[in-house]
Every structure is written in C-alpha cells, then in structure tokens.
Amino acid sequence: MTKLNAPDYSLYLVTSRELLPPGVDFYDSLRASLKGGVTLVQIREKHADNGELLEIAEKSLKICDEFNVPMLINDNLAVALALPERVGLHIGQEDFPVAKARALLGPKRLLGISVHTVEQAAAARTSGANYAGVGAVYGTLSKANVTEDKVLGPRRTAHVIEALQGFPSVLIGGINQRTAARALFGAAGPEHAPAGIAVISAIVARQDAQEAARELKSMVNAFLSARSSAQKPIASAFGLGASRSQLKVESLVSRSGEFLRALREGSPPLIQTLTSHVSSTLSANVTLALSASPIMSHQDAEADDLGNVTGAVVLNIGTIGEEARRGMRAVGSAANRGGKPVVLDPVGVGASAFRRQAVNEIMDHTQITLLKGNAAELGAIAGLTEVQSRGVDSGSGTLRDARGLVLSLARRERCLVLLTGKTDYLSDGEVVITCSNGHALLGAITGSGCALGVAVATGLAAACLASQGSEVKGAGSSIVKAQPDDLLAGALFGILSMTIASELAAARPEVRGPGTFIAALLDELSLMTPETFAQRAKVALE
Ligand SMILES: Cc1ncc(COP(=O)(O)OP(=O)(O)O)c(N)n1
Ligand SMILES: Cc1ncsc1CCOP(=O)(O)O
C-alpha cells in the first residue's frame with residue numbers, strides 16, 4: 001500500500017445534488033457539513049459531464065481547503081488527474097483496475113476502492129488503494145441497483161472488516177443517525193474496526209446539514225473513543241480477555257443483590273417492553289414487583305422521546321405484527337443511540353419464515369445486549385437442527401452442547417446469551433454461568449418466559465445505573481455503558497428473581513395450581529431480598 005499521511009476517515013461525506021432539499025444550495029450544504037464535522041469529502045455527481053464535474057470539483061476544493069479537509073472524485077480518473085495532487089479518487093470494483101489507477105495517479109493521491117465481499121477485502125489490502133468503502137451495509141436509495149441481495153447487513157459487514165485485517169475502511173449504505181451505532185459496533189470485531197462512516201442522504205438530504213453532520217460525528221467519536229479505551233486483544237462480547245479468570249460466582253450473586261437493593265431504594269428505571277398481548281400484563285406486573293416502572297408502548301412515533309428516558313428495552317416477538325415490527329426497529333435504534341440495554345426475546349423464531357425474518361431484521365438494525373431463548377429458539381438462530389420448535393414452545397429434541405451454543409452465539413452476535421431451560425445457561429462469549437433454580441409451575445403459566453426477559457432487562461438497567469460516572473472496562477465492543485461483569489450480574493439478577501420467586505411461591509400453602517401460583521409469584525417477587533439471593537442461588541461457573 002502506498003504510504004500517505006492517513007486522513008481522518010471518521011465522517012466521510014459523499015455528495016449528490018439530486019438529494020438536496022428544495023432551495024438548498026450545493027456549496028452552502030457542503031460548507032455547513034464541514035462546519036458540522038465532516039472529515040473527508042467525495043464529489044459524486046453521477047449526472048454531470050466532465051466539464052461540469054470539473055467545475056463543481058474546483059469550487060468544492062476551495063471550500064474543503066478552508067477546512068483543511070481532503071477531497072476525492074468518484075470514478076472519474078480524468079477529472080481527478082486534472083485537479084491538484086491533493087485530490088484523490090474513489091473507484092468501484094467494476095470501474096477501473098485499481099493497480100492501473102494507482103499507477104496513473106502516482107503515489108501521493110488518496111485512492112479508495114469499494115469492497116463488498118471477503119475476497120475483495122483480501123485483494124484490497126495489497127491493491128495500491130489507501131482505504132476500502134465497505135457496503136452497502138443497509139438498503140439505500142442513493143445508489144442505483146442496490147437490491148436486497150446486495151445489502152450486507154452489519155453481521156456480514158463484520159466478516160468483511162475482519163478480512164481487511166486493519167486496512168482502513170469506512171462503512172457506506174443506509175448509514176444515518178438511526179443506524180450508525182449498530183453499524184459501527186456490529187461491524188467491529190475483536191481486533192479490527194471500521195475507521196468511520198460514509199454517508200450521502202443522512203447529510204445531503206437534510207435542511208440543516210451542519211446539525212446532521214454534528215449528530216453523526218458525535219456518534220462516530222463515541223464509538224472510536226470507546227474502542228481506543230478497550231483492552232486488546234479481546235475475545236469476548238465485552239472485551240475483557242484474560243482478566244475474567246478472577247470472576248467469582250459469589251461476587252456475581254452478591255452484585256445482583258446490590259442491584260436489587262438499589263432498585264428497592266432508588267428511583268425506578270423505566271423498562272420499555274414491546275411484547276405479546278398474551279404476556280403483557282404479567283410482564284408489567286413483574287416489572288413493578290422488582291421496583292422498576294413498566295411502559296408497554298409499541299409506537300414508533302414515540303420511540304425517540306421514550307429512548308431518552310428508558311433504562312432498558314425488551315423486544316419480544318411473541319405476537320408480532322407490522323406495527324410492532326416498525327416499533328421494534330425504532331425503539332431498538334433509539335436504545336442503541338442512548339447506550340441503553342436491549343433484550344431480544346425471539347419467541348418461536350424457528351416456527352415460521354415470518355418470525356425468522358423479523359428477528360433477522362431486528363438483529364441487523366439493533367445491537368442486542370442480551371439474546372434470550374429456549375433451546376429451539378437459540379438453536380434456530382444458530383442454525384442448529386437438533387432441536388425443533390413446536391409453535392412457540394420449545395418442542396422436541398435435545399441440545400447436545402448447551403455450553404458451546406451460548407458461547408458461540410455470544411461471540412458471533414457480540415451480546416450476552418441466555419439459554420433458558422431446567423438449567424439456565426448465561427454467557428458473554430467468554431464465561432458460561434449456569435443457574436439451576438426454578439419450579440415446574442413456571443412452565444404451567446403463560447408468559448413466564450417473557451416475564452423473565454423483562455426481569456433480566458430490569459437487572460441490566462440497574463447495572464447501567466450502577467456504572468454511571470465510573471470508567472467502563474473493555475467498553476470498545478459494547479454500546480451499553482456498564483461494567484461487563486455488572487452486565488452478567490444484571491442478567492443473573494433477572495434469572496434469580498424469577499426462579500427463586502417461583503420456588504418460594506410454589507411452597508406457599510395457599511398455592512394449589514397455576515392460578516394461585518401467579519398471585520404468589522408476584523408476591524414473592526415483590527418481597528425478594530438480596531439475602532434470599534445469597535441463601536438460595538444455585539449458580540455455578542462452568
Ligand atoms: C466511500 C465510498 N464507498 C463506496 C462507494 C461506492 O462506489 P462504487 O462502487 O464505485 O459505486 P458508485 O459510487 O460509483 O455508484 C463510494 N462511492 N464511496
Ligand atoms: C455510493 C454508495 N455505495 C454503496 S451504498 C451507496 C449510497 C450511500 O448513500 P446513503 O448514505 O444515502 O445510503
């Protein structure tokens with residue numbers, strides 16, 4: 001690769017006159033975006049001939065120079081060569097052989113190449129280009145022919161970033177104020193991460209380009225600074241590596257007890273739950289019994305407002321319809337933007353293509369903090385065939401390697417994974433914790449699994465509250481601002497609350513079956529104490 005002074009790739013603006021709002025001047029918008037923090041500019045005017053492109057580029061260069069920001073030309077080698085040597089070129093896979101472009105441009109000009117696959121990524125590293133534009137991460141209307149099959153999604157994008165092996169890259173395609181956090185954190189691997197984002201419509205189509213750029217810049221900066229404070233190398237979802245050998249079960253149980261005490265004594269965090277109409281009431285009551293505050297809104301229209309005040313959110317696809325699907329996207333990205341934990345409960349995901357699609361869509365748009373499911377659900381997400389779902393219940397078959405499943409899923413999805421069953425398995429991709437509390441009556445009432453998701457979200461919200469004001473270890477791989485061990489303890493809080501309360505409720509003399517059990521369960525949850533956790537927890541580190 002040609003050595004240049006590496007430019008700042010963090011916020012890369014790609015122009016497109018067609019997308020300017022009515023009445024907004026191209027150069028005013030460019031200047032405003034530079035004021036807002038754009039660090040690199042590409043002139044991409046598909047409907048300009050060479051003469052007009054040259055004129056636009058010359059005027060734009062003067063503006064970029066005022067801000068000392070490098071500029072590139074999209075695709076047009078002749079126009080790039082007609083401009084001073086400080087102007088670079090971005091080309092696509094089909095535009096021009098990149099080695100030829102480098103030879104003609106000489107060693108000094110910045111050269112970018114579009115990359116869509118792992119193979120192209122490997123080739124790009126030694127191609128003579130300086131950086132790769134990786135995408136399309138999401139669907140976009142700003143480029144022709146980006147059909148669904150060409151959209152990578154953050155999970156496939158992560159493979160491309162890994163294959164680039166530290167070669168500088170920017171993410172492009174559908175990146176905006178809603179999707180940037182998920183795209184960046186989702187694409188970042190243990191070792192390698194994108195250097196920034198490239199956007200067209202998220203800036204150009206906005207009336208106030210300066211504000212649009214400022215919003216995006218602060219999101220990329222938050223990602224980059226979290227990343228640079230992370231300890232490396234990192235193997236787990238939350239980046240702690242070898243330091244986890246110190247982890248003790250007793251400390252986790254006692255920490256989850258501290259969260260319970262803090263909830264009982266402090267102001268209640270708001271838990272926003274998008275769940276099935278079957279389990280809504282029980283979930284709201286469980287939230288209240290744990291001294292948190294439930295809000296059961298599915299509305300995408302209020303996702304941003306609620307995102308500012310929630311402590312955690314639960315996305316449960318139990319009876320998902322189109323409205324809830326839109327709501328989940330909006331609520332998930334608002335939570336990601338605010339660094340709030342997101343619990344995904346992929347109820348019955350193996351049962352239908354519709355459910356699989358909904359879960360994929362959520363996981364592509366939202367960085368999940370904890371994925372919770374039974375063997376059939378997690379098996380379906382992992383692509384296992386040994387456990388089949390039956391409707392939304394666990395169904396038939398036996399999971400051969402529960403420990404391996406939670407570990408690998410946590411690593412792949414970069415989140416905590418909770419496998420529920422007679423024994424619950426919890427992993428952050430590095431450690432596996434088992435919990436064997438619980439009573440069979442939990443399985444005899446509807447919505448107890450969904451309520452467990454809500455209890456876990458309450459614990460995660462408490463973990464975030466507990467981390468406020470302190471420096472977060474290994475934060476580079478997680479959107480959520482909480483100590484990684486606290487997130488495990490927060491999840492454990494939810495598991496212990498529900499399972500221990502079920503044991504105590506079932507032992508009550510007035511409980512004669514599922515009906516009386518529900519009332520007793522809520523009572524026991526509201527009476528739960530940290531001491532009960534310590535006395536009754538059957539937790540082990542695998
Ligand atoms: C930064 C960045 N990345 C990718 C592209 C796409 O370039 P290309 O594949 O050549 O497609 P067109 O831009 O020509 O439609 C880009 N322009 N910038
Ligand atoms: C040029 C390009 N290359 C891949 S996606 C894309 C368009 C990006 O535009 P937007 O940021 O509006 O989605």
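## Confidence and conventions

The protein chain has an average pLDDT of 90, and 92% of the residues score at least 70; pLDDT is the predictor's confidence in each residue, from 0 to 100. Over residues 231-237 the pLDDT is below 50, although this stretch has 26 contacts in the model beyond near neighbours in sequence. Two residues are in contact if their C-beta atoms, placed from the backbone, lie within 7 Å. The scores of the model are ipTM 0.99 and pTM 0.79.

Residues are numbered from 1 along each chain as its sequence is written, while chains are lettered from A and ligands numbered from 1 in the order in which they are written. Because the model is predicted, local features need pLDDT of at least 70 and side-chain atom pairs count only at pLDDT 80 or more, whereas totals for chains, interfaces and linings use all residues.

## Surroundings of ligand 1

Ligand 1 is surrounded by 18 residues, the closest being Gly92, Ser114, Gly133, Ile172 and Ala198. A residue is near the ligand if its C-beta atom, placed from the backbone, lies within 6 Å of it. Two or more residues of the shell come from each of β1 (11-14), β4 (87-91), β5 (111-115) and β7 (169-172). Helices (H or I, at least four residues) and strands (E, at least two) are DSSP runs, numbered from the N terminus.

## Alanine 121

Alanine 121 belongs to helix α5 (residues 118-124). Alanine 121 counts as buried because it has 22 C-beta neighbours inside 10 Å; the cut-offs are 20 or more other C-beta atoms within 10 Å for buried, 12 or fewer for exposed, and partly exposed in between, with C-beta atoms placed from the backbone. Leaving aside residues up to four places away in sequence, alanine 121 touches Val115, Ala132, Val160, Ala163 and Leu164.
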